[in-house]
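Work through each task before reading its solution.

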Amino acid sequence: MDFKAILEASYREMLRRYIEESSEVALYQGQMFSRKSIEHKVSPEEIIHIHCKVLKDLFPDIQKEVLSSFDFLMEFMMDYGLAYQEHQSLRNRQFEIISEIETAASIQENLLETPVPDHDELDIGAISVPAKKMNGDFHQFVHERERISIAIADIIGKGIPAALCMSMIKYAMDSLSESTKIPKDVLEYLNKVVEGNVGSSMFITMFYGIYDSVKHLFTYAAAGHEQGFYYHSLTDTFEDLITEGIVLGVDQDVTYKQYEKRVEPGDMLVLLSDGVTESKTDEGFIERSAITDLIQTYMHLSSQEMVENIYHDIERMQNFELRDDFTLIILRRKQ
Amino acid sequence: MDFKAILEASYREMLRRYIEESSEVALYQGQMFSRKSIEHKVSPEEIIHIHCKVLKDLFPDIQKEVLSSFDFLMEFMMDYGLAYQEHQSLRNRQFEIISEIETAASIQENLLETPVPDHDELDIGAISVPAKKMNGDFHQFVHERERISIAIADIIGKGIPAALCMSMIKYAMDSLSESTKIPKDVLEYLNKVVEGNVGSSMFITMFYGIYDSVKHLFTYAAAGHEQGFYYHSLTDTFEDLITEGIVLGVDQDVTYKQYEKRVEPGDMLVLLSDGVTESKTDEGFIERSAITDLIQTYMHLSSQEMVENIYHDIERMQNFELRDDFTLIILRRKQ
Amino acid sequence: MENESYVKIISEWDIVEARQLGRNIAKELGFGTVDQARITTAISELARNIYLYAGEGEIHIECLHKFGRIGLKVTAMDQGPGIRDIRKVMEDGYSTSGGLGAGLPGVRRLMDNFDLISSPGKGTTIQVEKWLR
Amino acid sequence: MENESYVKIISEWDIVEARQLGRNIAKELGFGTVDQARITTAISELARNIYLYAGEGEIHIECLHKFGRIGLKVTAMDQGPGIRDIRKVMEDGYSTSGGLGAGLPGVRRLMDNFDLISSPGKGTTIQVEKWLR
Ligand SMILES: [Mn+2]
Ligand SMILES: [Mn+2]
Ligand SMILES: [Mn+2]
Ligand SMILES: [Mn+2]
């Protein structure tokens, strides 16, 4: 027996039972069965037709006009049926594109993998989550002897174009010679790369810092990037990590200012992308103070646990819809 | 009055008229109106509800059981309604993704733009057309003093992942120091880049050659790339440009063989990607000899006209559907 | 019943007439109510396309008897501007987005066979068939 | 009518009971037939998720009276395996592809507010609300 015959027979039985008993069971069975008919691509106008046919059987003395009303209802449902069939086909195509994007995203993830440095005196945590499949945020740790460099960048824009652009930045970073690894020089070099290669449509914000783990000195510079926070353990207060400097890719000949910070035991550096601070909840954008509040809440945990908990809280505040790529790094000098 | 109230009133009127006259006009109006309700995101279960309500009004003595049957029908339509709402949302997302891919494609096009060198003694033509929106073929000309270098590469795979990978190759090519610009060295360097960066999932075939326009000597090497053709003007014959060498990205320590060809006046170098030779028509794959036949046909034209005509002929042979990215370069030493 | 009937599409009323003709013939041939409605919807869409984009044209309806099977064939023809990008109009989600209705992909779904010939500036001919099961 | 009622979900029959409870309360609160069916479908989906993925759990139904408005709140809770990737299950087309039904995006569409807390290994709590218009 083909599905349509089964459908008709079951429909008759379920409807008869429902009319007799008015029971919730019959309605539940109806819903379960309707999924099967969706699976079998039965369109809604056919359901109307079956309903009408079954009524005629069950109530032989039903008004002729009532029966004929179903012709009208069926006609009315016709376009719904077509929209619904289009749905099936769009969904299939979408799955194709999505699987392509997922492949690209996993290549990207591979490419950008950057293990968090393990250091006796430092406790570092990092999380980076794309809003869509592909990440337009970038971060990288490089650990060479006493120096740990931390880069965090955000391509203006999201998705595939941003990801394309970012794989270039990554490559440019890798080809930095060791001598250039002074924050302001790095930004000036990358600025030229972006200006030359990416075209006028793409801009990149970046924060680049080097932590000297012998002197406990943090040297940094930034190009239009979201300001981080500095946590003073002694006074239990947060301070903005203020930096000046235009985004990468606007002007060939920009120079960047460089800053320094002596890091005391228990102090924390908090670096982020604007996806963290510009999270939008039902009540509007969250305040920067909401981030520092969350840090306070989780401060007793390790840096990695901190960034993960903060991410999960903000994800929930946004109803699980990220509006921008989200990157958060915390570096704490151990007590 | 909001749309649902209008819908209900119109539905009543149209149904009343249809039951009275059984006319096609009423059905046509019903269909037109149903599009409006689709536009206003009215779901099918609501249509069922309105139908039932209107029937009750029009036929006050309708059987109670018939009316209650609509509760069942409504329940049955519920999942159809949800599928239909999902359709709206999927379609919006699809349009978003497509526009994103188009942006990425235009960034890529910008990035890969490579003007064809203009030279007194040489006539060069090039065409590269992606099968999907984004190109997984790559070609580049660099003209420095007497040397013209020509690179042509094909990422195994198409679409977004290939494009992502290719923007890296482009960057790696740009950062080649001048001293490394010997075909076999270039391939060995790029092989290491691909192996280190792209991960095990991506392979790239490449042909790299340097034309010395003083000595008219063409030096070249290839990594698993589709073989080109060499045209001898004197004998009016084609020869395959045979090369040995494994694709990039398989093994760190590969070395490549280098070849040389002295180019006489009227001779031609034909470089291509496998999208040209593996074009599939209704009669199966086209033969490599079909390409040389086409070149013979258009040989009286300039190199640029040649590659464009050949592309258009092959596009038509395939019913305007490219199955792979298509790149064709012809370099002719003028008579 | 004649073997071929047709309706000239000039005004919106002609769309209704083409629908009616199609429904009648489908009924006579023995199509069930749901298929009658599908054939009518397809005709409606084709006629409406003529009315909206070409100004005028014709809808022909033929009975098919081939290999012992019975079917119905609808031909919609006009001398309108033609379709510039056929791959685009046959794409899902293209015409439905603005509430424009089923569009040609919808017509293709409603019927069994679909064929389209169009030359820019010369007009469009669309032929669709549905077979009795 | 009490202010909160609940059904333990252990067998498939309990899904029906939860639906019935929800429909009754929705009706008493004055929701129309369509909204009653929507609330019931949402409850059905939540209860079924508990039954299929957590084995057992509870569906609580409360009446809401806030700012002079009347609403209905459904809480579904279990101590099941939890949801590992919340964003994934909230994605359109993810659950419906296998004919699995509305899924959580469907539940979200059927109701006005949606909230979800889940910890892997500890369980899931979903709260949804619908307001009388
Ligand atoms: Mn961004
Ligand atoms: Mn951002
Ligand atoms: Mn390829
Ligand atoms: Mn290829």
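**Exercise 1: the metal site**

Task: identify the protein donors of the manganese ion (ligand 2) and their distances from it.

Solution. Donors are N, O and S atoms within 2.8 Å of the metal (3.2 Å for Na, K and Ca); water is not among the atoms, so sites may look incomplete. The model is predicted: local features require pLDDT of at least 70 and side-chain atom pairs pLDDT 80 or more, while totals for chains, interfaces and linings use all residues. Residues are numbered from 1 along each chain as its sequence is written, chains are lettered from A and ligands numbered from 1 in the order written, and side-chain values use heavy atoms, without hydrogens and water.

Next, the spacing of these donors along the chain is D-x119-D-x49-D. A:Asp154 also coordinates the manganese ion (ligand 1), which is 3.5 Å from ligand 2.

**Exercise 2: the interface of chains B and D**

Task: determine how many salt bridges chain B and chain D share.

Solution. Begin with the contacts (heavy atoms within 4.5 Å): 15 residues of chain B meet 17 residues of chain D. A salt bridge places a side-chain nitrogen of Lys or Arg within 4 Å of a carboxyl oxygen of Asp or Glu. The count between the two chains is 4. One of the salt bridges joins B:Glu75 to D:Arg19, with the closest N and O atoms 2.8 Å apart.
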